[in-house]
Amino acid sequence: MSIKLAGNGLFESSRMMLPEHKEAWLTHIKEQKRRVKPELDEQEIQRVSEVLGESYSNSCTVDLVLFNPFYDDHVSGVVVGLDVSTRRVKLMLDEEYRWISLAEIISESV
């Protein structure tokens, strides 16, 4: 009887984890890794806008870093459209187009 009471007592051999508990735990761990979007200073905003304008006028490729709460998303393409009213940029990626909000852009890759 003393063997059953050692360690965690009677419940030592009856531990279990439900799939719902595991999913909730993994979601909790993932949420702890969430990042906050950095604030861009005026120089960085000016540099990004110059690079976007240059890509639009010269049809050259631009490499951008977009914000994601869990990782940085790197995008490379040519700016083919600017929408000032909605503050979006239209990038031509390999074979598709993608509208990107200016608020998503963290910096331009070198």
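Start the tour at the largest pocket, which has a volume of about 440 Å³. This is a predicted model: local features need pLDDT of at least 70, side-chain atom pairs count only at pLDDT 80 or more, and totals for chains, interfaces and linings use all residues. Residues are numbered from 1 along each chain as its sequence is written, and side-chain values use heavy atoms, with hydrogens and water left out.

**Stop 1: the pocket**

Select I45, S49, L52, R87 and L102, which lie nearest the pocket's centre among its 18 lining residues. A pocket here is an open set of points on a 1 Å grid over the protein atoms alone, where a 1.4 Å probe fits, with protein on both sides within 12 Å along at least five of seven lines; lining residues have an atom within 4 Å of a point. Its volume is the space filled by probe spheres set on the points, which are joined across faces, edges and corners.

Now colour α2 (42-58), β2 (73-83) and β3 (88-92), the elements that give two or more residues to the lining. Helices (H or I, at least four residues) and strands (E, at least two) are DSSP runs, numbered from the N terminus. Which element gives the most to the lining? That is α2, with 5 residues. By type, the lining divides into 11 nonpolar, 2 polar and 5 charged residues; Ala, Val, Leu, Ile, Met, Phe, Trp, Tyr, Cys and Pro count as nonpolar, Asp, Glu, Lys and Arg as charged, and the others, Gly among them, as polar.

**Stop 2: the whole chain**

Zoom out to see 2 helices and 5 strands, in the order α-α-β-β-β-β-β along the sequence. Of the 110 residues, 22% count as buried, where buried means under 20% relative accessible area, exposed over 50%, and partly exposed in between (1.4 Å probe, protein chains only).

**Stop 3: the nonpolar core**

Select V48, L52, V62, L64, L66, V75, V79, V89, L91, L93, I100 and I105: these 12 residues form the largest nonpolar core. Such a core is a set of buried Ala, Val, Leu, Ile, Met, Phe, Trp, Tyr and Cys residues joined through side-chain atoms within 4.5 Å. Two or more residues come from each of α2, β1 (61-66), β2 and β3, and β1 gives the most, with 3. In soluble globular proteins, nonpolar side chains tend to be buried together.

Next, centre on L91. Leaving out residues up to four places away in sequence, L91 touches V62, L64, V75, G77, V78, V79, E96, Y97, R98 and I100, a contact being heavy atoms within 4.5 Å.

**Stop 4: G77**

Move to G77 in strand β2. Is G77 buried or exposed? At 5% relative accessibility, G77 counts as buried. Beyond its neighbours within four places in sequence, G77 is in contact with S55, C60, T61, V62, L91, M92 and L93. Draw a C-alpha to C-alpha distance from G77 to Y97: the two are 20 residues apart in sequence and 9.1 Å apart in space.

**Stop 5: two loop residues**

Most residues other than glycine have a negative phi. Select S59, in the loop between α2 and β1, where phi is positive at about 55°. Then pick R87, in the loop between β2 and β3, with a positive phi near 55°. S59 counts as exposed at 53% relative accessibility, and R87 is exposed at 53%.

**Last stop: Q32**

Finish in helix α1 (residues 19-32), where Q32 is found. Q32 is exposed, with a relative accessible area of 55%. Its C-alpha atom is separated by 9.7 Å from that of F70, 38 residues apart along the chain.
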